[in-house]
Amino acid sequence: MTAIRKKKHSKIGNEPIGYFFIAPFYLFFFFMVLIPIFTGIMQSFTNYDLYQTNDFVGLANYKQLLKDPVFLQAIGNTLFYSLLYIVPTMAIGLLLALLMSKESGGYKIFRTGFYLPYIISMVCASTIWLWIFDPTAGVLNQMLRAVGLPTSDWLKDPNLAMGCVVFVSIWKNLGYCMLIYLSGIKGIPNYLYEAAQIDGASKVKQFWYITVPMLQPTTFFLFITSCISSFNVFEQVNVLTNGGPLNTTTTIVHQIYLRGFTQFKMGYASAMSVVLLIMVCIITLINFKFGNQGTDTDIG
Amino acid sequence: MRSKRKLKNVLVIILLTILCIIFLIPLFLMILTSLKSMPEIMASKFVLFPEKALFSNYIEAMQRGNWLGYFGNSFFVTALTVLISLILNSMAGYGFARIPFRGRNTLFFFALTGMMVPTQVTMIPVFINLKSFPLVGGNDLFGNGGTGMINTYAGLILPYIAGAFGVFLCRQFYMNFPASLDDAAKIDGCSRLTAYFRIYLPLSKPILATLAVLKASQTWNDYMWPLIMINNDEKMTIQVAVISKFVTEVNTQWNLLMAATAMIILPLLILFLFTQKYFVEGIVTTGMKG
Amino acid sequence: MKHLKVTALLAAALMAVGSMTACGGVNSPDSGSTADKGNSSGDVTLSFLRAGTSEDAQIAYQAIIDEYTKANPNVKIEYQQIGFGTELDTKLNTLYASGAAPDLVRGPISTIAQRASMGQYAALDDYIAEWDEKDNVIQTAYDVANYKGKQYGIAINIEASMLFYRKDYFEEAGLDPNKPPQTWEELLDYAEKLTVREGDDVVRAGFAFPISSNHQTLIQFARQNGATLVDEEKDEATFNDEKTIEALEYFTQYADKNLIIPFVNQKDQNPFELGNAAMQYLTLNTYVTIKASGVDWADQMMFSPGPGREKISTFGGCQIMFMSEQSKNKDAAWDFMKHLFTDDVVWKLVEETGATAVKTGLEDKFNEAYPDIGPAYLETLQYTEGMPKVEWASLFETAMKTAFEEAMYGKKDAKTALDDAYNQLNSERGI
């Protein structure tokens, strides 16, 4: 952080008009997001029960967290989920975006097709997938049976359940990833490619030396938002498996929900969310440091 | 050479078609289910196609409750959210990306942090804030006495437009622009304001279209927040309506549920098709010279 | 620029003060002073939140409310309903935390211990003592809503689970449908005879029960075996005893003998409804659903309170009418609650929503209206027990689910599974 800041300041000056541009947004953000987060952090040092009890308990919640096997398992599950989810989604998303960036009409249909799952609500999408995964009447097992392959009890098998949750998430969010990459690709000036073509650079070279570097801000954006969404995964889990079987799919936010809203340990749940917050902050900071995204791309 | 490329194109298209069909199986299932009768769905043997397509399910679904009202509410909330977000987010994104000012990175880092906290944690503080908002909904200057923004559209919309997602998106987009653009603007004597409105905004169509589509889907599909914020049928939004009308403690009417869901997707689909043309509009075609 | 900053700060300060005082208002009991002034003009607005989203119930309750407000023009009732589980928890938590609690809540029994001991639900003893109808309500309706000696509500619906079984499947397997299983051994024996397989896959279960996300089966059978599971007086769990272990071991036999058709509570269509089970514990609601769905085997259903060992016991979900301690109009709220428990209204709910006839005077009427399921249902009601009423009920529920699941998947033997769940529960309670 500080390194970037220093570089900025030494290069360019301070223009207060910047505050004017961010002020309208920041006003809402301050009241609706920052203050509630601050409240949440304060709550993590209390035994708040969502009603009358709200006493300071020091670090008791954090000490308890370290001894909570289910929470530790939830952290593991969340990281595992993130790993399985982020890389394929971004890779396939980029690939699709490259294919879809062509302007002919046929590709528009594909573009819409891949984007469609994203606009269905998660509640409804999960319901449909529950049918597909159903062990007896489900489409998946019926198809497997038809071609003579072994069937599984997808969402109730401890070895498969997490894979299914990840698959549904990828299915749901691939369109989003594709869309962001698409708008990123469209932001790359065409003359760069024209110039490269004149220089005789191959398509592969163009991809590695123009597309990839030019998409860096987009990739950074997608990586951060994918981290956030996979660290915060809740709805899929809640609807598809409810954390089971044997806690193999419970995630941090699922635990936060269970502790805070069904067991009334909001103080404890807040401590979990502080842990989550620290985790994502670390990832973001690492990205800021190594992502080299703070500089303006100058081409000319 | 040429025929080889053509062959490659055909292969790509075939591959995409197969992928796309697999991708859309769940949606086909949704449509097929929406046309079945309940006994057909409940039957122990699963059948893919309904014996007789019951389009009447769609009419029946829309007669459960005041769907014109639910659509109206959701439309109003979504449209307002998207409109305000586009303005606030592109301004803030531009500010963060192009204008140097003291504390910029810190402020931006805070904005990023704000995206990371799960709503389950901030939901209750936000709700309390909105309930005790001064001078609204019967509240006095100190936020006591009334219900504040509970059960109002404002209470629904405020947390939506406070999300930092769009700011982040716009910032990353504006960071792609060449620094020479700012220099040129400076030489021409443009202030930051004029530069934003005259140069950057007109070039922002792809990103604004993207943001509009994403923000609209999020708002339109949100379930939990309207569920706790809205208390009566008059202000109910579609996602809450679709669950509360067709999923009950006794049973779930899958056919009507799926019919309603299909109807709910339509406006978002239309929005996407409409904004598609802006995605293909690259920077060059909007008249920027290198 | 400065100016903007100052305004922002000012607004922030104002808001902070606002939220702080509002929070204070939640906690102090005399925060209703402003509303009392409103009362003097005679107009009262009550809010009524019902857990559950069925349209039948909505129509029925709305009609009851309309009728009531017509007779009492100074009262306005805002009715809303919300789905069970995530939805209900979230909504109630936000409303109570922000001081906007509904005056009346019709919620499940699982909410009582926590919310009563936190002070969210009001004790109704004084009101009930002066109620002339108090002796005409069935005892179970009081029992399930009693917590630590105080009456926090009255059950308006008791979803007693009873053994549903299929006459045609019984006959097909050479069993006498008029002799449902009375003992655990018979239940297992019948289940074996009634199970239909294709290869190794069970396509029709003899006796179906969920193996995932299921706490009811173990609770019910452990109680049948004489286990108490939870000592409510001492506020401690006791399910690591021999009797509970025996009950769990009994169920692992179903897995060993390959008699299970997998499904998850609340998630899947249950096998009995799909015609894929010969016996299953279900509630009156399912009966209504099956009848309404028009399947051709609806008249093949038969009913019994199920087997017993030391005693017969069945699990019952209970819907209870509660009043909020935060309510500023308790008298008016009680008056409407009394109206809900008049014979006419209770019967309207029975007829239109499949609710329990919780008034003693309605039993004959009930048997007449439902000749097939009525007698068995009323008998079952006597054996019905709900969730233990302890503050850590949700932890207990998780413990039961985990132990059952682990044993059924063969991951641990019954004793280890229960011991582990027991230790986990105690460590989470900080014992």
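## Annotated spans of chain B

In chain B, residues 108-130 form a span that is 91% helix and 0% strand, with end C-alpha atoms lying 25 Å apart. The model described here is a predicted one. The span 108-130 is one of those that UniProt, in an unreviewed entry, lists as "transmembrane region" in chain B; the record also gives residues 12-32, 75-96, 150-174 and 254-274.

Another of these annotated spans, residues 150-174 of chain B, is 76% helix and 0% strand. The end C-alpha atoms of residues 150-174 are 37 Å apart.

## Overall build of chain B

Chain B contains 14 helices and zero strands. Read from the N terminus, the elements of chain B follow the order α-α-α-α-α-α-α-α-α-α-α-α-α-α. The C-alpha trace of chain B extends about 75 × 75 × 30 Å along its principal axes. The radius of gyration of chain B is 24 Å, whereas a compact globule of 290 residues would have one near 19 Å.

Of the 290 residues of chain B, 49% count as buried. Where contacts in chain B link residues at least 6 apart in sequence, 67% of them join residues at least 24 apart.

## An enclosed helix in chain B

Helix α8 of chain B covers residues 165-175, and eleven of its eleven residues are buried, so the helix is largely enclosed by the rest of the structure.

## Contact between the chains

The contact between the two chains involves 90 residues of chain A and 81 residues of chain B. On the side of chain A that touches chain B, helix α2 (residues 17-43) of chain A supplies the largest share, 18 residues. By class, this side of chain A has 60 nonpolar, 21 polar and nine charged residues.

## Overall build of chain A

The secondary structure of chain A consists of 14 helices and zero strands. Its elements run α-α-α-α-α-α-α-α-α-α-α-α-α-α from the N terminus on. Along the principal axes, the C-alpha trace of chain A spans about 70 × 65 × 30 Å. Of the 300 residues of chain A, 47% count as buried. Among contacts in chain A between residues at least 6 apart in sequence, those joining residues at least 24 apart make up 70%.

For chain A, the UniProt record (unreviewed entry) places "transmembrane region" at residues 20-42, 79-100, 112-133, 160-182, 207-231 and 268-288. Residues 160-182 of chain A are 96% helix and 0% strand, and the end C-alpha atoms of this span lie 33 Å apart. Residues 207-231 of chain A are 96% helix and 0% strand, with end C-alpha atoms 30 Å apart.

## Domains of chain A

The domain assignment divides chain A into domain 1 (1-43) and domain 2 (62-290). Taken over C-alpha atoms, the centres of domain 1 and domain 2 of chain A are separated by 28 Å. Between these domains, five residues of domain 1 of chain A are in contact with seven residues of domain 2 of chain A. On the side of domain 1 that touches domain 2, α2(A) gives the most, with three residues. This side of domain 1 of chain A has three nonpolar, two polar and no charged residues.

## A buried alanine in chain A

Ala269(A) is found in helix α14 (residues 266-290) of chain A. Ala269(A) counts as buried because 28 C-beta neighbours lie inside 10 Å, the cut-off for burial being 20 or more.

Leaving aside neighbours within four places in sequence, Ala269(A) is in contact with Ile256(A), Arg259(A) and Gly260(A). Ala269(A) and Leu65(A) are 204 residues apart in sequence, while their C-alpha atoms are 9.5 Å apart in space.

Conventions: Residues are numbered from 1 along each chain as its sequence is written. Chains are lettered from A and ligands numbered from 1 in the order in which they are written. This is a predicted model: local features need pLDDT of at least 70, side-chain atom pairs count only at pLDDT 80 or more; totals for chains, interfaces and linings use all residues. Helices (H or I, at least four residues) and strands (E, at least two) are DSSP runs, numbered from the N terminus. Ala, Val, Leu, Ile, Met, Phe, Trp, Tyr, Cys and Pro count as nonpolar, Asp, Glu, Lys and Arg as charged, and the others, Gly among them, as polar. UniProt positions are given in the numbering used here, feature names are shortened, and annotations may be inferred rather than shown by experiment. Domain bounds come from an automatic or database domain assignment. A residue is buried if 20 or more other C-beta atoms lie within 10 Å of its own, exposed if 12 or fewer, and partly exposed in between; C-beta atoms are placed from the backbone. The radius of gyration is taken over C-alpha atoms; the globule rule is 2.2 Å times the number of residues to the power 0.38.
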